[in-house]
Amino acid sequence: MKEIISIQNLEKIYNPTKVAVHALRGVNLSVNEGEFAAIVGPSGSGKSTFLNLIGGLDNPTSGKVIIGGNDISKLSANQLIEFRLQHIGFVFQAYNLIPVLTSKENVEFIMLMQNRSIKEREERAISLLKAVGLEKEIDRRPVELSGGQQQRVAVARALASKPDFVLADEPTANLDSKSAENLLDIMERLNQEEGITFLFSTHDARVVKRARRVVTLEDGLIASDESRS
Amino acid sequence: MWTIAKIAWRNIWRNKLRSFAVFASVALGLWAGIFATSLANGLNEQRISNVIDNQLSHFQIHAPGFRDNFEINKVITNTESIQQKLDSNPKVKAYTTRTMVSGMVSSASSSKGVQIKGIIPENENAVVNLEKFMVEGEYFGKAGRTPSIILGKTLADKLNVKVRKKLILKFQDGNNEVIAAAFKVKGLYKTVDTRNDEMTVFIEQPKLNELLGFSDEVHEVAILLNDINNIETISPDLKAAFPNLLVESWKEVFPGLDTADQLQEQTSMLLLYIIMLALCFGILNTMLMVVLERVREFGMLMAVGMNKLKVFFMVMFETIFLMLTATPVGLAMAWLTVWYFSKFGLDFSGQSEGFESMGIDPIVYPVLTYDYYPKVIMLVVAAAILSAIYPAIRAVRLNPAESIRKL
């Protein structure tokens, strides 16, 4: 399997000049294409910081985040935005859809920023919404959808840009059991059938149960890294 | 950019109540600013027009130095040749000659200092239409044994005289001899300029000239043009035609009036700037609230790949749309109000004394030229851009990682 994420000796210290908080203390990790991996750990273990650094939303104090051969810790803020647009899909805990756009427009939005043609945008948005089971909700705005449906739109949006991998930060935290299971079914299917790489940060036992690799963070260090067949 | 604009447009309808409050403040601010400006324009134009129509005319000719201290001996002597030149000028509609002297008018009960103007009634009427302001008696007409005098209603009230009563005029002639003569009140006039009405009396020019020992000498020639807009073009011709006399347009005769006109124009624009500035702060506050309320959304947009320039423009567009949506409403309200009152007038009769003492009719007709509206629109756009800059900068400075987790 091709390696798509390589984390090398990653360190993140908040407030280095005042009361320093060591969120990550030299983490090393490699993620291959097609993985369905969960990063778990108690609150304050560094999960969110880790995910932010992988997603290029924050800069490390030291170490490297290499994605597809590019060290993103060396990129400028604007280069990072462009990199995220082209290479990373995001699913957030609170869905974070654009409230004034319909489901289809939310999915299309990412492709629009990638300057894709109208035809391609429309076809891909409809196909992705179909893939997450929302073909009947394409013209509904987020406020007209349930939490589970919104999160499925978020998954479709994350996949719209044809990213190298999808980062999902506590994707099931705001969902009821049925919606969470449904969402996990969809992501698992996309992973198995289309080889899309998913990396979760989660507390949810249901996600951990389905993950084929579980990385446990404790006090800013990897405490365990367990792969399941 | 089209999608950014589309999102921005939809965003302004997310909080309808807040948007309505902004619309209302922009629309009312514009309406108030424009209407106040049109009212001030109307007042000013009426004042200028009253002074031109009732006193100054478009041009005046005097002997050099006469206007410095109204010396009786500084006269225009060659009136016949002046009249011939003016008669042959197609741009001149009418003209009149005046003999003027300062003196006292006395009734049985009191006396007042006045300026006595000796006029040719029909010529004067053609230039300032004094007859239309007659409120009692008649405008000269057939003279009796006692020569006629026309005076302002306010002056007549102060002198406690009525039509057909006698008055005595006293003044000095060119040799400093005091001259006194009796006149019968033929009529009373009332213009919108009560202060001037109180200071000016009219008698027939041949009589005044006779008392002053003049033959055809006069002190002033007042000229009315066919079109006020010809003033600048005709001015050099008139000045060249009468090289030994002082030919002045109304702006030169009464520079304060023109300065007041320009000052009023600037004051009106200043008023609009102040209203816009106040609106700017209101919009700035609203847009800051919008940005702070949507921190998570802006964070998400930047996280998924929307660059800072697009985020900046989204906030700018929202602000501009917010203001521009209200602008047509404000302009339409203002246009309607100006149109209505320019047709029917705005009646300030309750304060007529104050208005008339300033030479203004208490019924004011607002005036606004159409070139004012594009200026207002440009001002609104400028105000929108100005008030959007800071909130937009706040939005692009957000850290996506922190913003996404904001509750």
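With a relative accessibility of 40%, B:Phe70 counts as partly exposed, a class that lies between buried (under 20% relative accessible area) and exposed (over 50%), as judged with a 1.4 Å probe and protein chains only. The structure is a predicted model, in which local features need pLDDT of at least 70 and side-chain atom pairs count only at pLDDT 80 or more, whereas totals for chains, interfaces and linings use all residues. Residues are numbered from 1 along each chain as its sequence is written, chains are lettered from A and ligands numbered from 1 in the order in which they are written, and side-chain values use heavy atoms, with hydrogens and water left out.

B:Phe70 is placed in the loop between α3 (66-69) and α4 (79-87) of chain B, where helices (H or I, at least four residues) and strands (E, at least two) are DSSP runs numbered from the N terminus. The phi angle of B:Phe70 is near 50°, a positive value in a residue other than glycine. A positive phi, near 75°, is also found in B:Arg164, likewise a residue other than glycine; B:Arg164 lies in the loop between α6 (153-159) and β6 (166-172) of chain B and, at 64% relative accessibility, counts as exposed.

B:Tyr340, located in helix α13 (residues 308-344) of chain B, is partly exposed, with a relative accessible area of 41%.

As for the lining of the largest pocket, nine nonpolar, 10 polar and nine charged residues are present, where Ala, Val, Leu, Ile, Met, Phe, Trp, Tyr, Cys and Pro count as nonpolar, Asp, Glu, Lys and Arg as charged, and the others, Gly among them, as polar.
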